[in-house]
Amino acid sequence: MQDVLAMTYLWLKAGHIIFMVFWMAGLFMLPRQMIYCHEAAAGSDEEATWAKRMGLLRRIILTPSLIVVWILGLALAMSIGAFDQGWFHAKLLFVLLLTGFHGFMVAKSKAMATGHRPLSEKQLRLFGEVPGILLAVIVVLVIVKPF
């Protein structure tokens with residue numbers, strides 16, 4: 001029985017990491033695609049192409065990966081009893097921030113797809129750094145478990 005539980009944990013962990021990588025890749029790509037859309041003339045074919053690409057990124061990579069990461073992450077936390085550990089509380093806070101960032105960027109990309117430009121190009125470039133910073137903090141919390 002111990003072997004089955006150990007294997008289940010490893011499969012959950014592998015899936016969590018795989019889908020986290022997909023999610024992060026999407027979060028790195030979305031601001032870049034938004035910059036390209038921002039540069040395109042309003043109503044142009046180029047704008048329509050970038051709007052379509054942003055929509056596909058959201059529907060095929062970002063949202064499904066977000067859902068799987070949360071499901072597998074919570075299953076992992078339950079399997080190791082992490083809910084009473086300080087590092088996990090901090091990680092959960094930063095994952096919630098990353099999820100909020102995801103929602104913010106999705107909303108802004110949908111606005112851009114309709115021809116609006118809610119963010120400047122400079123803001124988009126700065127927002128492109130947010131996932132990397134949050135990822136670094138989350139990985140340190142999980143690996144080092146400082147508290």
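Predicted model: local features only at pLDDT ≥ 70, side-chain atom pairs only at ≥ 80, totals over all residues.
Leaving aside neighbours within four places in sequence, E47 is in contact with C37, A40, A41, A42, M112, G115 and R117. E47 sits in helix α2. Is E47 buried or exposed? Its relative accessibility is 7%, and because buried means under 20% relative accessible area, E47 counts as buried.

The chain holds five helices and zero strands, so that the pattern read along the sequence is α-α-α-α-α. The C-alpha trace spans about 60 × 30 × 15 Å along its principal axes. Of the 147 residues in the chain, 33% are buried, and E47 is one of the residues that count as buried.

Contacts can also be sorted by how far apart the partners lie in sequence. Taking the contacts between residues at least 6 apart, 78% of them join residues at least 24 apart.

Next comes the surface. The accessible surface of the chain amounts to about 8400 Å². Carbon and sulfur atoms account for 72% of that area. As for charge, the chain carries 13 positive and 8 negative charges. The mean position of the positive charges and that of the negative charges are 3 Å apart.

Empty space is the next topic. Rolling a probe the size of a water molecule over the atoms shows where such space is left. The largest pocket contains about 610 Å³ of space. Which elements give two or more residues to the lining of this pocket? They are α1 (2-39), α2 (45-80), α3 (86-113) and α5 (130-144). Helix α2 is also the helix that holds E47. In total, 27 residues line the largest pocket. Those nearest its centre are H16, L76, K91, I138 and V142.

The last stop is K145, which is found in the segment after α5. What is the phi of K145? The angle is positive, about 50 degrees, although K145 is not a glycine. The relative accessible area of K145 is 40%.

Definitions and conventions:
Residues numbered from 1 in each chain as written. Heavy atoms only, no water. Helix = DSSP H or I, 4+ residues; strand = E, 2+ residues; numbered from the N terminus. Buried < 20%, exposed > 50% of the residue type's maximum accessible area, 1.4 Å probe, protein only. Contact = heavy atoms within 4.5 Å. Areas by Shrake-Rupley, 256 points an atom, 1.4 Å probe, with all protein chains shown as cover. Lys, Arg positive; Asp, Glu negative; His and termini not counted. Charge placed at Lys NZ, Arg CZ, Asp CG, Glu CD. 1 Å grid on protein atoms, 1.4 Å probe; cavity = no way out; pocket = protein on both sides within 12 Å on 5 of 7 lines; lining within 4 Å. Points joined across faces, edges and corners; volume = space filled by probe spheres on them.
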